Amino acid sequence: MSERPLVFRGGLVLTMDDSHTVLPGADVLVADGRIAAVGPGLSVPDDAEVIDASGGIVMPGMIDTHRHLWQTAMRGYGTDWTLTQYFVWYYLESGKHFRPEDIYAGNLLGAIEAIDAGVTTTVDWSHGLQTPQHADAAVDALEAVPGRFVLAYGNLQQGPWEWATSDGFRDFHRRRIDGGKLAGFQLAFDVTGDPAFPEKAAFEVARDLGVAVTTHAGVWGATNDEGIRLMYENGFMTPGTVYVHAATLSGDSYHRIAATGGSVSVSTESEQSAGQGYPPTWALRRHGVPVSLSMDTSVWWSGDLFSAMRTTLSADRSREHLEAHAKQATVTHHHLRAEQVVDWATRGGAKALGLDAEIGALTPGRKADVVLIKNDASPAMFPILHPYGHVVFQAQRGDVHTVVVGGAVVKRDGRLVGAGLRTARAKVEATVGHLREALGEDAWQRGQNPDLPQAELLDNPYQYTDYDAGAAEWKH
């Protein structure tokens with residue numbers, strides 16, 4: 001049954017079409033799950049639901065191309081971690097304690113959170129799938145939330161040449177992916193640069209299934225140019241491959257990504273804080289590499305793309321200024337603009353996922369994934385003078401008024417519609433309780449409170465032996 005038609009009336013519309021057309025005081029008509037028309041004063045069916053968008057911004061739903069949803073149940077636990085501590089906790093020590101129901105809990109909460117923040121399509125970079133039962137739980141949670149989700153299947157407890165070639169994985173793919181409800185499917189694994197290239201077997205599985213690979217590339221101390229070289233020389237750098245972070249690669253590797261039609265998912269909050277490398281948009285722009293945005297994991301950072309856009313623009317500009325200052329020069333005109341970053345958060349994600357014909361822009365025929373940013377009670381939501389700048393620097397998740405996915409309203413008047421938050425809360429509380437018990441309270445506390453390194457203070461040559469006496473003498 002088709003959803004009732006609806007129209008956003010009188011909003012400032014960011015179409016994100018090929019020309020980035022901006023339409024003030026315009027309408028967006030949604031019918032049969034798709035964008036039917038965009039423009040001022042549209043004629044609409046008599047039974048259409050009318051959403052007052054005046055004073056707000058109407059834009060496409062945002063797209064996150066790399067989010068570890070299963071870790072959402074651990075929200076904020078790793079606030080003071082480095083990447084090393086993350087690896088130790090999840091890969092070596094505690095990740096094995098996650099049961100299928102814990103994967104479900106994290107995915108359910110993370111998927112709801114994404115919708116709430118206007119992220120209508122999310123890649124679940126799900127590398128906690130230790131068994132097919134864990135994978136079933138991940139999909140069950142995604143299918144319980146009215147958003148658009150791509151499952152990127154991974155297993156950090158095994159090499160990809162093991163899990164990707166297993167009978168259990170193939171059975172899962174046959175049961176849950178072929179003809180399933182998800183928006184897409186990827187294989188998620190990393191390439192270490194081992195000359196033996198053991199990951200080749202997993203790439204061959206992806207090729208046989210006709211699915212893309214997403215990989216953490218250019219992560220300091222973990223993945224590097226050798227991994228890119230091995231992928232290229234073996235013919236596995238293909239259009240649709242998404243390279244996550246890509247923060248410490250050489251120019252040659254960026255050229256290979258650009259030449260083979262790949263793209264990079266930049267997680268600026270993550271790269272700034274954890275240590276993968278400096279957020280690479282400055283290098284990606286120079287090499288012509290397509291960009292999408294992602295928030296990575298709520299075990300550290302915020303779960304929305306407003307923060308991703310804001311930090312990405314700021315990090316790029318910060319580097320531009322720093323390089324200029326090193327040459328005794330001054331930046332007088334920024335190269336990266338807010339408009340481009342909004343594009344990365346919408347159209348860029350659609351292109352990275354091969355869904356550009358379907359989502360990412362408000363043009364007739366595309367699926368109706370629409371977000372209205374409007375908050376009449378907020379002093380920060382007027383005046384709206386620079387719409388792209390307002391989205392990037394002024395708006396936040398609390399200003400997301402309405403969210404529509406495929407024509408269905410999933411958030412209205414700032415409140416989620418049928419989201420199942422009570423269920424999510426109960427399941428997450430059970431997961432946290434299980435993990436605390438499995439680790440023991442001492443280990444649990446140590447895990448979230450890593451040792452603080454000893455600070456080394458520089459000698460200060462500008463100190464009075466007797467400050468008070470010196471100050472008094474100076475005054476006279």
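## The second largest pocket

By residue class, the lining of the second largest pocket comprises 10 nonpolar, 2 polar and 5 charged residues, where Ala, Val, Leu, Ile, Met, Phe, Trp, Tyr, Cys and Pro count as nonpolar, Asp, Glu, Lys and Arg as charged, and the others, Gly among them, as polar. The space in this second largest pocket amounts to about 350 Å³. Its lining consists of 17 residues, and those closest to its centre are Gly 147, Arg 148, Lys 181, Leu 182 and Ala 183. Two or more lining residues of the second largest pocket come from each of α3 (132-143) and β8 (148-153); helices (H or I, at least four residues) and strands (E, at least two) are DSSP runs numbered from the N terminus. A pocket is an open set of points on a 1 Å grid over the protein atoms alone, where a 1.4 Å probe fits, with protein on both sides within 12 Å along at least five of seven lines, and lining residues have an atom within 4 Å of a point. A volume is the space filled by probe spheres set on points joined across faces, edges and corners.

The model is predicted, so local features need pLDDT of at least 70 and side-chain atom pairs count only at pLDDT 80 or more, whereas totals for chains, interfaces and linings use all residues. Residues are numbered from 1 along each chain as its sequence is written, and side-chain values use heavy atoms, with hydrogens and water left out.

## The largest pocket

The largest pocket has a volume of about 470 Å³. Of the 28 residues that line the largest pocket, Phe 87, Tyr 91, His 127, Asp 190 and His 216 lie nearest its centre. Helices α1 (83-93) and α4 (160-163) are the elements that give two or more residues to this lining, and the largest share, 4 residues, is that of α1. Divided by class, the lining of the largest pocket holds 14 nonpolar, 11 polar and 3 charged residues.

## The parallel sheet

Eight strands form an open sheet in the order β6-β7-β8-β9-β10-β11-β12-β13, with parallel pairing, two strands being paired if DSSP finds at least two bridges between them. The edges are taken by β6 (62-67) and β13 (291-293), each of which has a single partner strand, so one side of each is left without a neighbour in the sheet. On average, neighbouring strands of this sheet are turned by 25° against each other, direction ignored.

Strands β6 and β7 run parallel and are joined by 4 bridges, and Ile 63 has Thr 121 in β7 as its bridge partner. Elsewhere in the sheet, 3 bridges join β11 (residues 242-245) to β12 (residues 263-266), which also run parallel, and Val 242 stands opposite Ser 263 in β12. Helix α3 packs on the sheet, touching β7 (119-126) and β8, and its direction makes about 170° with that of β8; axes are lines fitted to C-alpha atoms, for helices over the stretch in contact, and angles run from 0 to 180 degrees between N-to-C directions.

Pro 160 lies in helix α4 and, at 8% relative accessibility, counts as buried. Leaving aside neighbours within four places in sequence, Pro 160 is in contact (heavy atoms within 4.5 Å) with Thr 165, Phe 189, Glu 199 and Ala 202. The C-alpha atoms of Pro 160 and Lys 200, which are 40 residues apart along the chain, are separated by 9.0 Å.

Ser 307 belongs to helix α11 (residues 305-326) and is buried, with a relative accessible area of 16%. Not counting residues up to four places away in sequence, Ser 307 touches Glu 269 and Ser 302.

How values were computed:
Buried means under 20% relative accessible area, exposed over 50%, partly exposed in between (1.4 Å probe, protein chains only).
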